[in-house]
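Morning, everyone. Please have a look at the model first.

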Amino acid sequence: MKKFLPLLLSALIILTSCGKKPQEEYPQAINDNYKNYYEIYVGAFRDSDGDGVGDIRGIIEKLDYLNDGNPKTSDDLGITGIWLMPIMPSDTYHKYDTKDYEAVDEQFGSIEDFEELSKKCSERGIDLIIDLVLNHSSSGHPWFKSAEKTLREAKADESIEELVAKNKYVGYYNFSKKKETNKWYQVPGSDGWYYEGVFWDKMPDLNLDNEDVRSEIVNIGKFWIDKGVKGFRLDATTWFYSENVSQNTEFLNWLTTEYKKIKPDIYMVGEAWTSETIIADMYKSGLPSFFDFPMSNSTGSIIKSVKTSSGKGLASQIEDWQKLIREKNPDAIDAPFLTNHDNARSFGALSRKTELAKMAASVYMLMPGNSFMYYGEEIGMTGSGIDENKRQPLVWSKTNSKGTAKPVKGSTNTDTPEKGVEEQLKDDSSLLSFYKQIIRAKDLNPEIARGTVKTVDLGNDATCAYSSEYNGVKVFIIHNLGKESIDIDLPGDIFKNVEIRAELKTNNGKMTLKDNKLSMPQQSTIILREKK
Ligand code: CA
């Protein structure tokens, strides 16, 4: 991409009502934090140098697949945001335990590669966010190694305060002479010193109350913002203060305030894998987004509604959730997803049925806020059980293995999708092609992501219907989750002078709208808009 193209995507051809020449319409660039995100585990996405491990250069190679920056083409996926899982140096394959917060793991590339990726994303209107793991470092981090050494050399009667005075890094972690809980581990070779490691003994928890740690966190933020990131995905926010909601919220408020001083339009999304009540409370921190865990996964409302063809309750749930989080933070942006790197992949939960996968995608991506799709979801990859199985190499092609990474060591899943990216790009009825359609429909109708939602009761349990109003423009999203086609009389007091903006059909079948009489095929979605 040689030329700067502010945003987006591709064309949707809208036939004019008089049936003359098709009019092409392209999404307008809106400079805000509403994006369609794509989560990448770098090690599995694309291997540029053939060593079997995906890398940052691989992502650069495949940016044209994600978003080519040209709104007039339609052969790219069209995503407008990328979340990179951890890229900092680490001894683990997943890298959720960093040894250096201001570098790139050499397996994945160099800081120069990252700068290039960041620049190229920006040229295409893609916001790049990276995983930031602040709950803990690696036990191999020089801070921890230095602290450990001081504790090993400590005299029997030396207090923690005396040791911190000797070496500030002792204050970076939580040490005690007592094994406080079963998540505390002995410092090897020390005289009865223990440290907190909530996730694992190789992931010592940072002492987030320590002033020096807080300065480090500010500097780390500045470092990556200078490298061009739009913001961060914050790992394990409920564990910052061991599930103490008010302390976690206070910390996130501090972090948001500090990072906004560096980058006023920063975007951040928090992982709070917990209940609706706690997530809603944490929105008080001012952090823009939290992942919508209650809606996600095989047990969440989206997949359940799609599988049981019951949409009615879902619409009011979407409305209620938006109302609640906006009460806590008027600028709250919901972050719905189907599954992520910690969950069994959604295609399995959706009985490996393409039409169900299409329907689920349509439901969560057309919810208000920022949808987060997990790499491989768009081609129906599967994987469950151990984590390694959920992070399998993206299948670029069924006939050409060039650029496809090797599976993570220890993974046991040998199942691969019927068709890879290459094959699905050529097939208009593929799951991948359907994802492209949804994203384009969403970007042509900015009200979907940004608007205020209101449930519409169409008197049919299989439909999930709501309006979304933004800047005085109202769109309607109607999903037919049922296995049969339906005919609905749209109430004239709600649907005034509406036009079709997009049809998303998981199967063949006809979608028609005439004089407010709407016919929808089985498992389909229609987007309507009030004409001005
Ligand atoms: Ca590589």
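Which side chain of opposite charge is nearest to Asp205, and how far away is it? The nearest is Lys183, 9.1 Å away. Asp205 is buried and has no salt bridge. Buried means under 20% relative accessible area, exposed means over 50%, and partly exposed is in between, with a 1.4 Å probe and protein chains only. A salt bridge is a side-chain nitrogen of Lys or Arg within 4 Å of a carboxyl oxygen of Asp or Glu. For charge, Lys and Arg count as positive and Asp and Glu as negative; His and the chain ends are not counted.

Some ground rules. This is a predicted model, where local features need pLDDT of at least 70, side-chain atom pairs count only at pLDDT 80 or more, and totals for chains, interfaces and linings use all residues. Residues are numbered from 1 along each chain as its sequence is written, and side-chain values use heavy atoms, with hydrogens and water left out.

Back to Asp205. It sits in the loop between strand E8 (194–196) and helix H7 (211–226). Helices (H or I, at least four residues) and strands (E, at least two) are DSSP runs, numbered from the N terminus. Beyond neighbours within four places in sequence, Asp205 has contacts (heavy atoms within 4.5 Å) that include His136, Tyr172, Glu196 and Trp239.

Now an exposed one. Asp428 has a relative accessible area of 68%. This residue lies in the loop between helix H14 (421–425) and helix H15 (431–444).

On to pairs. Side chains of opposite charge can pair when their charged atoms come close. The count here is 36 salt bridges. Glu158 and Lys166 form one of them, with the closest N and O atoms 2.6 Å apart. Glu158 is buried, at 10%. Lys166 is exposed, at 54%.

Next, Arg352 and Asp415 meet at 2.5 Å, N to O.

Asp489 and Lys517 pair at 2.8 Å, N to O. Asp489 is in strand E16 and Lys517 in strand E19, so that pair ties together parts 28 residues apart in sequence. Both residues are exposed.

Last, a network: salt bridges link Arg57, Asp113, Glu116 and Lys120.
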